[in-house]
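Visitor: I'm new to this. Please walk me through what is shown here.

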Amino acid sequence: MRNKIFVTVFAVILLALSLTNVFLPKKTFSDNENRVLQTFPTLSGKTLKDGTFTRDFASYIADHFLWRDGFVSIKTMADLALCKTDSGGIMKARDGYLIELFPPDDTPYFEENIAAAAEFVRQTAALGVDTRTLIVPTSAWFLREKTPRFTPLADEGALMEQLRAGIPGFVDVEDALGAHPDEQLFYRTDHHWTYLGAYYAYAEYAKARGLNPASLEETGVREVYPTFFGTTYSRFGLFNGKNADAVYAPDASFLPGMTVTHENGETQDSIYRPDKAEGKDKYQYFLGGNEGLITVETDAGTGRSLLLVKDSFANAFLPYIAREFDRITIVDMRYYNGYVSDLLDGVTDALILYQLKFFAETKDFALITD
């Protein structure tokens, strides 16, 4: 009798949960996980035959399960209780840092991209363009004393040596960033650098280029968002609301007058985009995210024009270099379908700016020399 009651109660609970999942309003985007959720798949003879309906329906149920965020957090806590050092490719480090793993073998395109960067330097030098390359070690390298012991991580020091030896005009920021161990150069819950990390790299670039870098006092700083949970928080999956970052940026008065033109033709008068940062990803305050091609025309009056080939680390770097150039052409090789050589007309300077892990694993960068 007791078994029958137990089975009946369990079946009722299971049915209630299933009906709740079916009839509850469905979200299209998970703020905590920072991703688009699976929509209900198209049912047809073709999707049933090739298995896509079954696969996508399973993803749909998993994405819209009642109390999903809580279950994801419970799974992460269980992993940590079992002494697992990471979840979703993210390490739980000391002082509230959630740091992206950079395994030793995660460098499939590193040497190919070094060769492409060196060739691009040679090609642009023939046109009279001053080309520099700035590759940023990851937070895992600078904060390695905070990471779990015995975690296998890439030797970024050795990788940086290869970059120095292989790319002419390489701007080395490893020592400049490492000289500030007590300052927050990277976000705790995101893989990007903070305004301070971007500033110290800018100062090294400016000195290498023969420019006079502005001081931190000149750039100013203001808090633009008090609470930010970034990409590593989303991927780690422990949605406890702890260790939020604040987002700071150089004061808007430091920036020159400008017109920013996006690839869809939309224009703004600033590289700051609070409209794009209304959701969870506050880092989109810088430039509004990543696009294939963006141009920035300024009233700096320097007589210099820059081609910037970059990943998202450059977005927080842009406020500092905006006053150094009359025109900045910004290219993200992940989304740009044209030829970089077509963008060199009138350019006096070029800068390649990537995070080291992404530079080592992206296959799109090598297209820079086509």
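Guide: One term first: Ala, Val, Leu, Ile, Met, Phe, Trp, Tyr, Cys and Pro count as nonpolar, Asp, Glu, Lys and Arg as charged, and the others, Gly among them, as polar. This is a predicted model: local features need pLDDT of at least 70, side-chain atom pairs need 80 or more, and totals for chains, interfaces and linings use all residues. Numbering starts at 1 along each chain as its sequence is written, and side-chain values use heavy atoms, without hydrogens or water.

Visitor: What is the volume of the second largest pocket?

Guide: About 410 Å³. A pocket is an open set of points on a 1 Å grid over the protein atoms alone, with protein on both sides within 12 Å along at least five of seven lines; lining residues have an atom within 4 Å of a point. Points join across faces, edges and corners, and volume is the space filled by probe spheres set on them.

Visitor: How many residues line the second largest pocket?

Guide: 17 residues. F142, L143, K146, P181 and D182 lie nearest its centre. By class, this lining has 8 nonpolar, 3 polar and 6 charged residues.

Visitor: Which helices each supply at least two residues of that lining?

Guide: Helix 6 (139–142) and helix 8 (174–178). Helices are DSSP runs (H or I, at least four residues), numbered from the N terminus.

Visitor: And how much space lies in the largest pocket?

Guide: About 470 Å³. Its lining has 23 residues, and H191, H192, N290, S312 and R334 are the closest to the centre. The lining splits into 5 nonpolar, 11 polar and 7 charged.

Visitor: Which helix gives the largest share of that lining?

Guide: Helix 13, with 3 residues. Helix 11 (231–236) and helix 13 (356–361) each give at least two.

Visitor: How many cavities of 30 Å³ or more are there?

Guide: The search of the whole structure finds 1. In a cavity, a 1.4 Å probe fits but cannot get out. E100, T138, S139, A140, H191, Q355 and K357 line it. That is 1 nonpolar, 4 polar and 2 charged.

Visitor: New topic. At what angle do helix 5 and helix 7 cross?

Guide: Roughly 25°. The axes of helix 5 (residues 110–125) and helix 7 (residues 156–166) come within 10 Å. Axes are lines fitted to C-alpha atoms, for helices over the stretch in contact, with angles from 0 to 180 degrees between N-to-C directions. So helix 5 is roughly parallel (under 35 degrees) to helix 7.

Visitor: Which residues make the contact?

Guide: F110, E111, I114 and A118 of helix 5, with L159, Q162, L163 and G166 of helix 7. Contact means heavy atoms within 4.5 Å. By class, this contact has 5 nonpolar, 2 polar and 1 charged residues.

Methods:
Parallel < 35°, antiparallel > 145°, perpendicular 65-115°, else oblique.
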